[in-house]
Every structure is written in structure tokens, then in C-alpha cells.
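Dear colleague,

I am passing on the structure below, together with some notes on what was found in it. Please look through the model first and then read on.

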Amino acid sequence: MENLEGEIVLPDLQALEMIAIRLAEQLTGGDVVLLKGELGAGKTTFTQMLAHALGAQERVPSPTFTIEARYPLSGAQAQELVHIDLYRLSSLQGGSEDTLHFQELFDGSREQGRIVVVEWAERLGSTAPPSFWELQFKHGSSGNSRTVIVTHHV
């Protein structure tokens with residue numbers, strides 16, 4: 001498989017599906033995917049496509065108001081997808097209840113067979129796990145085009 005990392009220019013949101021499929025092939029229980037970028041740049045659409053590629057049977061809406069949602073996965077890579085949307089949080093403060101919850105979630109993901117996807121991950125601050133995939137979404141220069149920068153931090 002060719003390297004998924006780097007800057008990828010997409011003509012439209014539908015082109016995100018290939019990135020979601022390629023990333024899903026590389027993810028296993030314990031992996032964390034941090035999504036960053038502008039409002040409306042495709043983070044939720046990408047998460048929906050990734051969830052489908054991982055074997056989620058349920059519709060995956062944005063958990064903006066609930067902050068966290070969980071979906072069972074039928075794929076072999078993991079048993080559960082945890083979808084977190086931090087849009088409503090300005091940032092996580094060290095030692096806060098939210099910070100401790102997310103740190104425990106990240107730390108226990110491998111043992112629990114979870115893949116965790118976090119939208120608006122720039123609001124995590126220092127709570128980010130030591131190893132993760134990062135996707136930075138940007139609006140493109142024309143129409144519905146987008147640029148996605150994919151980085152694997154290990």
C-alpha cells in the first residue's frame with residue numbers, strides 16, 4: 001500500500017472516501033485519530049466515511065451536543081469506534097474532569113479494542129496521546145475542493 005501520509009488535494013468531499021478506506025485498512029484497536037481544521041472542511045463527513053469503512057452499521061451523526069458517541073464495529077480491526085466532538089469546548093484545562101476522562105479513554109483503547117476519533121482535536125491541548133494519526137482539513141481554493149494533511153505520530 002502506498003504511503004498515506006502527506007498533503008492530499010481533493011476535488012470534492014466524495015474524494016474523502018478513498019482516504020477513509022485507506023486509513024481504515026491501517027487502524028487497529030488502540031489507535032487514535034485526531035481531526036483538526038476549519039468549520040465545514042469535512043471532519044464529520046470523514047468520520048462518517050471512516051466509521052462505515054471500519055464496519056459501523058449505525059448512522060454516525062456529529063456528537064456536537066453529546067460530545068461523545070460509541071458505535072460497535074463488525075470489522076476485525078477493532079470492536080468499537082468512539083467518536084468525540086470537542087467543538088463546544090474552548091479547550092481542556094489540565095487536571096479537569098474532561099481531561100482525565102479523555103486521557104483514560106486514550107490509555108485504555110488498546111485493551112478495550114477501541115478506535116478513537118476526535119473532531120476539533122486542537123482543543124485537546126497536552127491531553128493528546130503519545131501515538132496518533134492526525135488529519136488537518138483545509139478548504140480548497142475552488143468550489144468544494146479540500147486539502148487534507150495526514151501525519152502519523154509514533
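To begin with one helix, what covers the buried residues of H1 includes S1, S2, H2, S6 and S7. Here H and S stand for helices (H or I, at least four residues) and strands (E, at least two), which are DSSP runs numbered from the N terminus, and buried means under 20% relative accessible area, with exposed over 50% and partly exposed in between (1.4 Å probe, protein chains only). The residues of H1 that are buried are Leu16, Ile19, Ala20, Arg22, Leu23 and Ala24.

Before going further, please note that this is a predicted model, in which local features need pLDDT of at least 70 and side-chain atom pairs count only at pLDDT 80 or more, while totals for chains, interfaces and linings use all residues. Residues are numbered from 1 along each chain as its sequence is written, and side-chain values use heavy atoms, with hydrogens and water left out.

Overall layout

The protein chain has 3 helices and 7 strands, and along the sequence these follow the pattern β-α-β-α-β-β-α-β-β-β. Of the 154 residues in the protein chain, 48% are buried. Taking contacts (heavy atoms within 4.5 Å) between residues at least 6 apart in sequence, 61% join residues at least 24 apart.

The cores

In soluble globular proteins, nonpolar side chains tend to be buried together. A nonpolar core is taken here as a set of buried Ala, Val, Leu, Ile, Met, Phe, Trp, Tyr and Cys residues joined through side-chain atoms within 4.5 Å. The largest such core has 31 residues, and those with the most contacts inside it are Ile19, Leu23, Phe46, Leu50 and Leu135. Among the elements that give two or more residues to this core are helix H1 (16-26), helix H2 (43-54), strand S2 (32-37) and strand S6 (132-139). There is also a second, separate core of 14 residues, which includes Val32, Leu34, Val82 and Leu89.

Leaving aside residues up to four places away in sequence, Phe46 touches Leu16, Ile19, Ala20, Leu23, Leu35, Leu135 and Phe137. Phe46 is also one of the buried residues of H2, together with Lys43, Thr47, Met49, Leu50, Ala51 and Leu54, and the buried residues of this helix pack against H1, S2, S4, S5 and S6. H2 has 12 residues and reaches 16 Å from its first C-alpha to its last, close to the 16 Å expected at 1.5 Å a residue, where the expected span is 1.5 Å times one less than the number of residues. Just after H2, Gly55 takes a positive phi of about 105°.

Charged pairs

Side chains of opposite charge can pair when their charged atoms come close. The structure holds 4 salt bridges, a salt bridge being a side-chain nitrogen of Lys or Arg within 4 Å of a carboxyl oxygen of Asp or Glu. One of them joins Glu134 and Lys36 (3.7 Å, N to O); Glu134 lies in strand S6 and Lys36 in strand S2, 98 residues apart, and the pair thus links distant parts of the chain. Both Glu134 and Lys36 are buried.

Another salt bridge brings together Glu80 and Arg114 (3.2 Å, N to O), with Glu80 in strand S4 (residues 80-85) and Arg114 in strand S5, 34 residues apart. Arg114 counts as buried because its relative accessible area is 13%. The side chains of Glu68 and Arg70 also meet in a salt bridge (2.9 Å, N to O); Glu68 is partly exposed at 22% relative accessibility, and Arg70 is partly exposed at 34%. Through shared partners, salt bridges join Glu68, Arg70, Glu80 and Arg114 into one network.

Two loop residues

Asp31 lies in the loop between H1 and S2 and counts as buried, at 14% relative accessibility. The side chain of Asp31 reaches the backbone nitrogen of Thr28 at 2.8 Å.

Trp120 is found in the loop between S5 and S6. Although Trp120 is not a glycine, this residue has a positive phi of about 60°, and at 11% relative accessibility Trp120 counts as buried.

With kind regards

Technical notes: A polar contact is a pair of N or O atoms within 3.5 Å; within protein, one must be able to donate a hydrogen and the other to accept it, and residues adjacent in sequence count only if both atoms are side-chain atoms.
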